[in-house]
Amino acid sequence: MNQEDNILKENWQTLLNFLKNNLGKKPTDLNGVLFLIGVQELGQGKKVFTKEQKQDLMHIAICKVLSFGNYYELEGRDQDGWPHWKLINPLPNFDILSQEKLLKHFVLEYFRKEVGLHI
């Protein structure tokens with residue numbers, strides 16, 4: 001593991017601990033963190049979501065965090081208040097591990113810029 005990977009791993013653990021301390025529950029993986037971001041970005045508070053809505057929330061979160069890398073931009077919201085994004089730059093062709101690293105990097109950026117977390 002190189003130094004960059006070690007820093008990402010340490011920062012990721014810091015984020016998970018921050019979420020545990022603030023929410024009372026530590027997300028188990030990247031998908032759990034993305035779900036939380038999706039709920040936050042939807043802005044409708046805590047409620048019960050259908051399986052399809054949970055998938056949509058994950059998509060919202062992925063688009064939001066990748067917007068920090070200029071891959072997506074917000075087009076607007078529909079009549080129900082759900083944000084819609086458009087791809088503005090093609091995503092790199094990565095293997096699954098590299099995709100996860102890219103997402104984690106931008107999730108950390110999200111928490112730095114949107115929440116003010118110092119990691």
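Predicted model: local features only at pLDDT ≥ 70, side-chain atom pairs only at ≥ 80, totals over all residues.
Reader: In what order do the elements run from the N terminus?

Author: Helices (H or I, at least four residues) and strands (E, at least two) are DSSP runs, numbered from the N terminus. The chain has four helices and two strands. Their order is α-α-α-β-β-α.

Reader: What radius of gyration does the chain have, against that of a compact globule?

Author: The radius is taken over C-alpha atoms, and the globule rule is 2.2 Å times the number of residues to the power 0.38. For 119 residues, a compact globule would come near 14 Å. The chain agrees, at 14 Å.

Reader: Is Lys64 buried or exposed?

Author: Lys64 sits in helix α3 (residues 51–67). Buried means under 20% relative accessible area, exposed over 50%, and partly exposed in between (1.4 Å probe, protein chains only). Lys64 has 13% relative accessibility, so Lys64 counts as buried.

Reader: Which residues does Lys64 touch, not counting those up to four places away in sequence?

Author: Contact means heavy atoms within 4.5 Å. With residues up to four places away left out, Lys64 touches Glu41, Trp85, Tyr110 and Glu114.

Reader: How many aromatic pairs does a search of the whole structure find?

Author: Rings of Phe, Tyr and Trp (its six-membered ring) pair if their centres lie within 6.5 Å; planes under 30 degrees apart count as stacked, over 60 as edge-to-face and the rest as tilted. The search finds four.

Reader: Why is the pair of Phe35 and Phe49 called edge-to-face?

Author: The ring centres of Phe35 and Phe49 are 6.3 Å apart. Their planes stand at 85 degrees, so the pair is edge-to-face.

Reader: Where do Tyr71 and Phe106 lie?

Author: Tyr71 and Phe106 form an edge-to-face pair, 6.4 Å centre to centre with 80 degrees between the planes. Both residues are buried. Tyr71 is in the loop between α3 and β1 (72–77), and Phe106 is in helix α4 (residues 96–115).

Notes
Residues numbered from 1 in each chain as written. Heavy atoms only, no water.
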